[in-house]
Amino acid sequence: MNAADALIKKAESRDLLFGVIGLGYVGLPLAVELAKAGYRVLGFDVLQRVVTGLNAGHSHVKDVDDQELQAVRRAGTFEATTDGARLRDADAISICVPTPLSKFKDPDVSYIVAATDTVKQVLRSVQAIILESTTYPGTTREIMLPALESTGLKVGKDFFLAFSPERVDPGNPQYHTRNTPKVVGGITPDCLRVVCALYQAAIDTLVPVSTTEAAELVKLLENTFRSVNIGLANEMAIVCDKLGVDVWEVIDAAATKPFGFMKFTPGPGLGGHCIPIAPHYLAWKMRGLNYKTRFIDLAGEVNTEMPAFWVRKVADALNQASKAVRGSTVLVVGVAYKKDIDDLRESPALDIIKLLEQQGASVTYHDPYVPQFEENGHSFHSVPLTSQSLAAADCVIIVTDHSAVDYGLIRRGAKVIVDTRHALDRGKASA
Ligand SMILES: NC(=O)c1ccc[n+]([C@@H]2O[C@H](COP(=O)([O-])OP(=O)(O)OC[C@H]3O[C@@H](n4cnc5c(N)ncnc54)[C@H](O)[C@@H]3O)[C@@H](O)[C@H]2O)c1
């Protein structure tokens, strides 16, 4: 039996050890789903505290609850380790490490390079390697493949290499790892066949594409689509502001068109690990091919300017109340980058706070999901949302529209309100 058929047979019988490198927002839910599907799973992370916590049954990722984690721990199907050498026993290894931007907004693939090196140390015959991290087209073939083949093993014959982008949407109550269709592209047809067989047990719908580059580009198209459309909605917010028209009324009315329109909404700017970052991976790749990705650049510009737009709205609102930003207390409601999650990464709230402080405001915040955070050496602690904290603020700016926030209380108790999310008027106010 050849290596591909041997791995497929193992997948069918579930008698297989699945390694997952990087146990964060993406890797942990995937690892738990693979364990629930009947595989034995070995999660590898460089952070000892993450590994110790997971082995003790404590999840640090909101989409995986402790009970779910403890169930796979009790069943003996999930274990975490900081010892990368143990991945030698893994029949398949999924890589879910971060792909941030450098200071100059160039791709930082150093985590992929490090994870590839870990895999290289343990690569053996009859093993499948899958990259999940969002990255530019060509990464799997140009960075991973040569490193792995330098061991003397041959792709498509001895080992199998594929790219399969993760689409997890943290906090989404409807779609999670299993029921979100998963795109897979292999270096060779057998790579695709093997990886589809491996994921079939844990994912309801697989979407095979012809190459790793196509799979890499799918993820970037999805994120760019959102960035560009949010950028358009944000530009509409600026246009409507200048025209004195309610942008939300315009968008809601446009959304009644049953075809040819998809609703996107304006806000304080982009946040999270994906949408503000991934399009720059494509822009960077295309710069190297002498092509300027204009939609990406323009959407990035508009979205990045939104925090400054909202800080100007705070200044205008305070001015109406005969106050200056300098010396005023501004209460920021919601600092997570989107509703009902605790993730602060790239959150526009951080830019808004920084700009307000630069202009001399004293900033407090309330976020039911983020009890505290550090930024620029400054430690922030969430204040309770009460009539007292509202009365103490000269202005309240709603940045994240968490469901758990009492917008009725804000409406009744705040002196001046700037609402970046239209949260007060979306039927959330408790009167
Ligand atoms: N968070 C999301 O919503 C989301 C959605 C889709 C895709 N993605 C993509 O998935 C990838 C992972 O993102 P994430 O949000 O899970 O990141 P994360 O920061 O939550 O988790 C990454 C984990 O990898 C670990 N790690 C870093 N280097 C390592 C190494 N060399 N070996 C082992 N472990 C290592 C870190 O300690 C961390 O625990 C990124 O490319 C991201 O763009 C993220």
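For sorting residues by class, Ala, Val, Leu, Ile, Met, Phe, Trp, Tyr, Cys and Pro count as nonpolar, Asp, Glu, Lys and Arg as charged, and the others, Gly among them, as polar. The structure described here is a predicted model, in which local features need pLDDT of at least 70 and side-chain atom pairs count only at pLDDT 80 or more, while totals for chains, interfaces and linings use all residues. Residues are numbered from 1 along each chain as its sequence is written, and side-chain values use heavy atoms, with hydrogens and water left out.

The C-alpha atoms fill a box of roughly 80 × 50 × 45 Å along the principal axes. Of the 431 residues, 51% count as buried, meaning under 20% relative accessible area, against over 50% for exposed and in between for partly exposed (1.4 Å probe, protein chains only). Among contacts (heavy atoms within 4.5 Å) between residues at least 6 apart in sequence, 69% join residues at least 24 apart.

On a 1 Å grid over the protein atoms alone, a cavity is a set of points where a 1.4 Å probe fits but cannot get out, and a pocket is an open set with protein on both sides within 12 Å along at least five of seven lines; lining residues have an atom within 4 Å of a point. Grid points are joined across faces, edges and corners, and a volume is the space filled by probe spheres set on the points.

The second largest pocket holds about 650 Å³ of space. It is lined by 28 residues, and K105, P276, T304, E346 and D351 are the closest to its centre. Two or more lining residues come from each of α10 (278–287), α11 (294–320) and α12 (348–358), with α11 giving the most, 6 residues. By class, this lining has 13 nonpolar, 9 polar and 6 charged residues.

Helix α12 also has a buried side. Its buried residues are P348, A349, L350, I352, I353 and L356, and they pack against α11, β9 (329–333), β10 (362–366), β11 (372–375), β12 (378–381) and β13 (395–398). Just after α12, G360 takes a positive phi of about 95 degrees.

The search of the whole structure also finds 2 cavities of 30 Å³ or more. The largest cavity, with a volume of about 50 Å³, is lined by P165, E166, R167, V168, T177, T180, P181 and K182. The second largest cavity holds about 40 Å³, and its lining consists of Y25, V61, K62, D63, P170, G171, I341 and D342. That lining divides into 4 nonpolar, 1 polar and 3 charged residues.

V41 is found in β2 (residues 40–44) and is buried, with a relative accessible area of 3%. Beyond its neighbours within four places in sequence, V41 is in contact with L17, F18, V20, A31, L34, A35, T77, F78 and E79.

Notes: Helices (H or I, at least four residues) and strands (E, at least two) are DSSP runs, numbered from the N terminus.
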